[in-house]
Amino acid sequence: MSKKTKNASPSTIAQNKKAFHDYFIEERIEAGLALEGWEAKALRAGKVQLKESYVLLKDGESWLFGCHISPLLSASTHVHPDATRTRKLLLHREEILHLVASVERRGYTLIPLSLYWKQGRAKLEIGVARGKKD
């Protein structure tokens with residue numbers, strides 16, 4: 001009897017193509033997302049946009065701002081979804097300290113690059129980026 005194997009390649013939900021046009025990506029880090037139930041359902045339906053989003057580090061935690069997740073029409077009546085709410089990113093303390101050290105350098109920022117499923121969990125790929133000069 002053969003074992004069932006999970007799909008090894010992650011399935012992409014959304015990509016931030018504008019980030020590669022506006023920034024030089026120097027490092028990539030994978031982070032988990034703290035989501036509500038309606039958000040996970042909307043991600044499965046592909047109702048997400050990363051275009052104007054960014055990552056901030058404050059008080060030893062990382063947060064995703066500006067990510068737009070459109071609620072489904074079949075969302076529950078007692079839940080009032082906020083499409084652009086601030087979402088917490090799940091990272092280890094060492095990763096957060098490394099990111100703080102990277103961002104403190106002049107001209108560097110944290111940009112979300114892609115959102116994908118990995119073993120049934122939503123993951124966000126963050127890039128340590130330097131802006132392109134015009």
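User: In which strand is Val 55 found?
Analyst: This is a predicted model, where local features need pLDDT of at least 70, side-chain atom pairs count only at pLDDT 80 or more, and totals for chains, interfaces and linings use all residues. Residues are numbered from 1 along each chain as its sequence is written, and side-chain values use heavy atoms, with hydrogens and water left out. Strands are DSSP runs (E, at least two residues), as helices are (H or I, at least four), numbered from the N terminus. Val 55 lies within residues 54-58, which form strand S4.

User: Is Val 55 buried or exposed?
Analyst: Buried means under 20% relative accessible area, exposed over 50%, and partly exposed in between (1.4 Å probe, protein chains only). Val 55 has a relative accessibility of 5%. Therefore Val 55 counts as buried.

User: Which residues does Val 55 touch, not counting those up to four places away in sequence?
Analyst: Contact means heavy atoms within 4.5 Å. With residues up to four places away in sequence not counted, Val 55 touches Trp 63, Leu 64, Leu 89, Leu 110, Pro 112 and Ile 126.

User: In what sense do S4 and strand S5 pair?
Analyst: Two strands pair if DSSP finds at least two bridges between them. S4 and S5 (residues 61-65) have five bridges. Leu 56 stands opposite Trp 63 in S5. The sense of the pairing is antiparallel.

User: Which residue takes a positive phi in the hairpin of S4 and S5?
Analyst: Two residues sit between the strands of this hairpin. The positive phi, near 55°, belongs to Asp 59.

User: Which residues touch the most other members of the largest nonpolar core?
Analyst: A nonpolar core is a set of buried Ala, Val, Leu, Ile, Met, Phe, Trp, Tyr and Cys residues joined through side-chain atoms within 4.5 Å. The largest one holds 26 residues. Those touching the most other members are Leu 43, Val 48, Leu 89, Leu 115 and Leu 124.

User: Is Ser 114 buried or exposed?
Analyst: Ser 114 is placed in strand S8. Among the residues it touches, not counting those up to four places away in sequence, are Ala 14, Leu 50 and Leu 124. The relative accessible area of Ser 114 is 9%, so Ser 114 is buried.

User: How many helices and strands are in the protein chain?
Analyst: Along the sequence, the pattern reads β-α-β-α-β-β-β-β-β-α-β-β. The count is three helices and nine strands.
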